[in-house]
Amino acid sequence: MVRQEERRCNVHLQEPVLSSDTMSAKAISEQTGKEFLYKYICSSAAVQNRFRYANISPETDWDRLTQDHPWLLTERLVVKPDQLIKRRGKLGLVGINLDLQGVKEWLKGQLMKETTVGRAKGVLRNFLIEPFVPHTQEEEFYVCIYATREGDQVLFHHEGGVEVGDVDTKAQRLTVAVDDKLSDAQVKKQLLTHVPDDKKAVLANFIVGLFNLYEDLYFTYLEINPLVLTKDGVYVLDMAAKIDATADFICKSKWGDVEFPPPFGREAYPEEAYIADLDAKSGASLKLTLLNPQGRIWTMVAGGGASVVYSDTICDLGGVDELANYGEYSGAPSEQQTYDYAKTILSLMTREKHAQGKVLIIGGSIANFTNVAATFKGIVRAIKDYQGPLKEHEVSIFVRRGGPNYQEGLRVMGEVGKTTGIPIYVFGTETHMTAIVGMALGQRPIPNIPPVAAHTANFLLNASNSAMTPATSRTASFSEPKTSNDVTPPKKSKAGLPPAKATTLFSKHTKAIVWGMQTRAVQGMLDFDYVCSRDQPSVAAIVYPFTGDHKQKFYWGHKEILLPVYKNMADAMKKHPEVDVMISFASLRSAYDSTLEAMQYPQVHTIAIIAEGIPEAQTRKLIKIADEKGVTIIGPATVGGIKPGCFKIGNTGGMLDNILASKLYRPGSVAYVSRSGGMSNELNNIISRTTDGVYEGVAIGGDRYPGTTFMDHVLRYEDTPGIKMIVVLGEIGGTDEYKICQGIKEGRITKPVVCWCIGTCATMFASEVQFGHAGACANQASETAVAKNQALREAGAYVPKSFDELGDVIKTVYDRLVADGTIVPAQEVPPPTVPMDYSWARELGLIRKPASFMTSICDERGQELIYAGMAITEVFKEEMGIGGVLGLLWFQRRLPRYACQFIEMCLMVTADHGPAVSGAHNTIVCARAGKDLISSLTSGLLTIGDRFGGALDAAAKQFSKAFDSGMLPMEFVNKMKKDGKLIMGIGHRVKSINNPDMRVQILKDFVKEHFPSTQLLDYALEVEKITTSKKPNLILNVDGFIGVSFVDLLRTCGGFTRDEADEFVEIGALNGIFVLGRSMGFIGHYLDQKRLKQGLYRHPWDDISYVLPEHMSM
């Protein structure tokens, strides 16, 4: 029987509908996957048809294609779409055993044809042509490798091809643990039991080579079906693969520039590419996916977790068909970045009108460190730019946000609604996060006057007499380490087992080392410590490899203290044995190595890894080592965690206003665990409003393989007496929530668990949507949020109907626990006041201070440089040149074109006048003495004055004064002679009336032709006639000419008043022309001497007259 591949049996990715743009596992095209395999597989098995494939698109030039791939003309062929489509054969999308003409005919009915795959509709644009491989059913095999938390699964089935069926149950399976290797013997023994003996060696060697390729190139999924083995060798007929996109910095040399195609059914829009480019250039996170550009519901959500929650709520309320986009911005984007993001969305949503008008939901959880006001100001700018189209398309905007400076952000957002007439409804943390969705969709009333939350200043500038004051015994400096007796020792484990992890991660005496110079996060931790009435700061030291050991200044309440900064972690650990927590702000490139190093020290029991984008293979290795050493890892891709009254990690919990508003300075009775950092802060808010507060909260991070799981923390909470109820915010992807179900059923978890898994909208989308967390990817039906919520409900957890009701369910459970006496709410005690940082107080508009400097010529704070009100792009667009720029920066004017040309001519003629003049001479001597460019240039510039080059200002002043006073040229010359003063700008050492200076002549011709008036120049030329009649070298020199001509320019160009023109002369602007021009020549002389390699200059004796007093010479 002759067979050829018909479909990709992607059994482990059944109908994936959620993934992440920041996620590591990204699908690649079949062509890219095969290219990697053919290039880099190392196997003794003969891999056939290497690089024998051709790509077809609507733009294909068939003549050129056959020249590049002559085998297309001679061989039988197979053609199939290469657009991440599963079951291509079943859909009739594979052309088999065709000649080239047959391929062309087949493509006529397929290329650019709209096709439905499942619920997704898309256009077939890209096809792959490969040689047809005749073979029998017995020669077809199935192999698949995919990643799990514990290791990599290798699946093999001896019957591959179209009818492979459910390989999960049929295939042989082998687990390769993290950091282990795969051998031929293992493959033969565990996978190839049903393969004929004569084929085992070749297949085993190929599978081992394939596994090594999978590891080396950071694949996360690699499936071949069928894999064909004939007498000629191995053929890879059909292949599906995903790679860990975050490993780009490791694999760039092998991967090259990888293109990640969009899922079938979703077009790649240029706006998505634009936002992806912004994201790549930013330290923040900016994501955009267009779902339905004609839809009426648009979102602009801050935070990866929050973006999923808003999409869930929109779909729950029936808006799935009208949801136009998914996206998120997070990670503290700047005002300009947010403006660029917002204007892209506003541009998209105002292209087509909708009969019902449109809504824009600007939502988000409570930010941990993003300055809400800064980001909202960017959005406000975009709204102002698009106010016309927004009103024309009847757009209503609903806003809900919290976090640092959110009150100012909400104020400017409300203000723009009033000034533009656009309906903008603004809400803060007093409103449930997703309440605005119901308002936007008309299913919830819009409050007329929403309650106003207290301003940041109300929390931090506490005027209450009842507030506790800091204890006077608090130490002013904690730079010297102290050994604490309160550090919890690690649990002893049974012989032969790895050390047990601690149940209590943090206490009031926990000490941490922070890796990375994150001064804002460290200060936030110290302020939290202070408001929790800790005796000492929780940060013992900072490790920062890029500087030497030193001390860094921070605030401890009202006082300044010093914390030590170490270049090496070993020194920090040695000097601070009390430390048992490391908080790593290392970058994604260095987080793996720094975490490995930290785990070498037995004193470290907990490590928080903040970085997002660490390759999954590295994370899994860290997890394995941490489990072996009994170390608890929180993260990666997390904001951290918080234990009220005790300790917080980095930026967790946001700024002090949120810490105080959510009562995080003292413990409550509720513990929570979530993936999202932003959503954990939202949980702080919800729990503080519905219960007595948070006992402990952890954000495990959004990656597929977090260092600790939901269950790890739920079990800790179960074993902690002070915790009375548990809240879990799960999400689509993974199966960890099922362990909670099992724990409840088996009685291991007895405390009430309130749980909600976000991502319920997943099953409602027709095509794959890229969401914000790397772990938000359902690989099978059981991993969907809907399935997990149902399982949790059946197991006995308290599961709300939607996120909207989460707070209500938490309150119901809490009230029941209070009623039965399980929880006895404690009396509130106000926390100590913490003074507000000056910079933040100014940001909030609470204080003002005179500026140390004032400037009116340049502003570099925005997206682009501004010269005297003119953007740098406009400067180039208008081709203003150096003269125009000088006009903006020196005179704050856009000068006429002839004026700019004159300035440039002045710079050209003053650039140099040979090596003999004093300035050039000094520069040369200095350069030959081995000095640097700046020193040599300065040496030359210091010679400029009245006698050399500095006569422009003096000449302008003298001639102007004489002319303005009505003095005749002869009277001026006689007065200067009588006063014993030189006439500045008159005279030259070399040039004369008979040997004129051509520089002056060139400038004179230009000035006479272009200047509206040359009264002062004409006056100076009359003076020259008088002086040269006495001595031929008393000419109007270049300094004098430029000086008087510039006065004419300032007075007559129309850009200056007379007073302004005189002021510029008075303050020395004209000498700047000579200084700037001659600097070019001095630099030239410096470079010339260095290029000529001239040695130290010593002046010759014969050029020096030694005139000593007679008594000295005797």
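Here are some questions and answers about how features of this predicted model get their labels.

Q: Why is asparagine 97 called partly exposed?
A: Asparagine 97 has a relative accessible area of 33%. Buried would need under 20% and exposed over 50%, so a value in between is called partly exposed.

Q: What makes glutamine 892 count as partly exposed?
A: Relative accessibility is 36% for glutamine 892. The label covers what falls between under 20% for buried and over 50% for exposed, so "partly exposed" it is.

Q: What is the phi of glutamine 892, and in which loop does the residue lie?
A: Glutamine 892 isn't a glycine, yet its phi is positive, near 55°. Look for glutamine 892 in the loop between helix H28 (881-891) and helix H29 (897-909).

Q: What makes the peptide bond from asparagine 225 to proline 226 cis?
A: Omega is near 0° for the bond from asparagine 225 to proline 226. Proline 226 itself is found in strand S12, residues 219-230.

Q: How do you know that the peptide bond from glycine 635 to proline 636 is cis?
A: Check omega again: for glycine 635 to proline 636 it is near 0°. Proline 636 lies in a loop, with strand S27 (632-634) and strand S28 (641-643) on either side.

Q: How much of the protein is called buried?
A: Of the 1114 residues, 57% are buried. To get that label, a residue must have under 20% relative accessible area.

Q: What share of the contacts join residues at least 24 apart?
A: Taking contacts between residues at least 6 apart in sequence, 75% join residues at least 24 apart. To count as a contact, heavy atoms have to be within 4.5 Å.

Q: Which residues are closest to the centre of the second largest pocket, and what is its volume?
A: The second largest pocket has a volume of about 1100 Å³. It is lined by 32 residues, and Arg947, Ile986, Gly987, His988 and Asn1037 are the closest to its centre. A residue counts as lining if it has an atom within 4 Å of a pocket point.

Q: Which helix gives the most to the lining of the second largest pocket?
A: That's H33, with three residues. The elements giving two or more residues are helices H33 (969-978), H35 (1015-1030), H36 (1038-1052) and H38 (1069-1091).

Terms used
Residues are numbered from 1 along each chain as its sequence is written. This is a predicted model: local features need pLDDT of at least 70, side-chain atom pairs count only at pLDDT 80 or more; totals for chains, interfaces and linings use all residues. Side-chain values use heavy atoms; hydrogens and water are left out. Buried means under 20% relative accessible area, exposed over 50%, partly exposed in between (1.4 Å probe, protein chains only). On a 1 Å grid over the protein atoms alone, a cavity is a set of points where a 1.4 Å probe fits but cannot get out, and a pocket is an open set with protein on both sides within 12 Å along at least five of seven lines; lining residues have an atom within 4 Å of a point. Grid points are joined across faces, edges and corners, and a volume is the space filled by probe spheres set on the points. Helices (H or I, at least four residues) and strands (E, at least two) are DSSP runs, numbered from the N terminus.
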